[in-house]
Amino acid sequence: AVKDQAQTAATNAKTAISNAKTVGDVTTAQTNGEKAINAVEIPTASKTKNDANSDLDTAADAAKKAIDATSGLTADQKKTAKDQIDQAVAAAKENINKASDDTGVAAATDAGKLAIDKVSANAAIDGALAEK
């Protein structure tokens with residue numbers, strides 16, 4: 001939708017430039033076209049991004065609960081693992097917000113969930129090892 005709006009503004013500007021009768025008309029058409037293109041706003045939030053952030057929060061909460069339930073881990077080990085999850089979520093959310101399309105959002109979300117899963121799996125291994 002945003003690309004379509006910008007493309008429409010560009011097409012309108014090029015038509016105005018083609019129809020210009022004087023150098024002044026060309027300059028005016030160019031200036032107006034650039035203003036129209038620059039006026040097209042790129043949304044910073046979207047349902048897709050909001051849903052992705054929510055999915056990450058849900059995955060992080062589940063992983064933290066699993067870590068808390070892992071016997072064999074010390075309180076410090078649990079805190080370290082949960083801090084690593086928070087860092088993974090923060091990085092993933094930053095990448096989600098930077099994403100320019102739904103594919104980028106999905107990739108950032110998947111990468112964030114993978115990072116959460118890795119921390120959780122490592123904590124489970126540490127817990128199992130500590131019990132031996």
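The dialogue below walks through the fold, the core and some charged residues of a predicted model.

User: Before we start, what should I know about how this model is read?

Analyst: Residues are numbered from 1 along each chain as its sequence is written, and side-chain values use heavy atoms, with hydrogens and water left out. Since the model is predicted, local features need pLDDT of at least 70 and side-chain atom pairs count only at pLDDT 80 or more, while totals for chains, interfaces and linings use all residues.

User: How many helices and strands does the protein chain have?

Analyst: Helices (H or I, at least four residues) and strands (E, at least two) are DSSP runs, numbered from the N terminus. Here the protein chain has five helices and zero strands, and its C-alpha trace spans about 85 × 20 × 15 Å along the principal axes.

User: What is the radius of gyration of the protein chain?

Analyst: The radius of gyration is taken over C-alpha atoms, and the globule rule is 2.2 Å times the number of residues to the power 0.38. A compact globule of 132 residues would come near 14 Å, but this protein chain has 25 Å.

User: Which residues have the most contacts inside the largest nonpolar core?

Analyst: A nonpolar core is a set of buried Ala, Val, Leu, Ile, Met, Phe, Trp, Tyr and Cys residues joined through side-chain atoms within 4.5 Å; buried means under 20% relative accessible area, exposed over 50%, and partly exposed in between (1.4 Å probe, protein chains only). The largest such core has 18 residues, and those with the most contacts inside it are Ile67, Ile85, Ile96 and Ile116. Helices H3 (47–68), H4 (75–98) and H5 (102–130) each supply at least two residues of this core, with the largest share, six residues, coming from H4.

User: Is lysine 78 buried or exposed?

Analyst: Lysine 78, found in helix H4, is buried yet has no salt bridge, and the nearest side chain of opposite charge, aspartate 68, is 5.2 Å away. For charge, Lys and Arg count as positive and Asp and Glu as negative, with His and the chain ends not counted.

Terms used:
A salt bridge is a side-chain nitrogen of Lys or Arg within 4 Å of a carboxyl oxygen of Asp or Glu.
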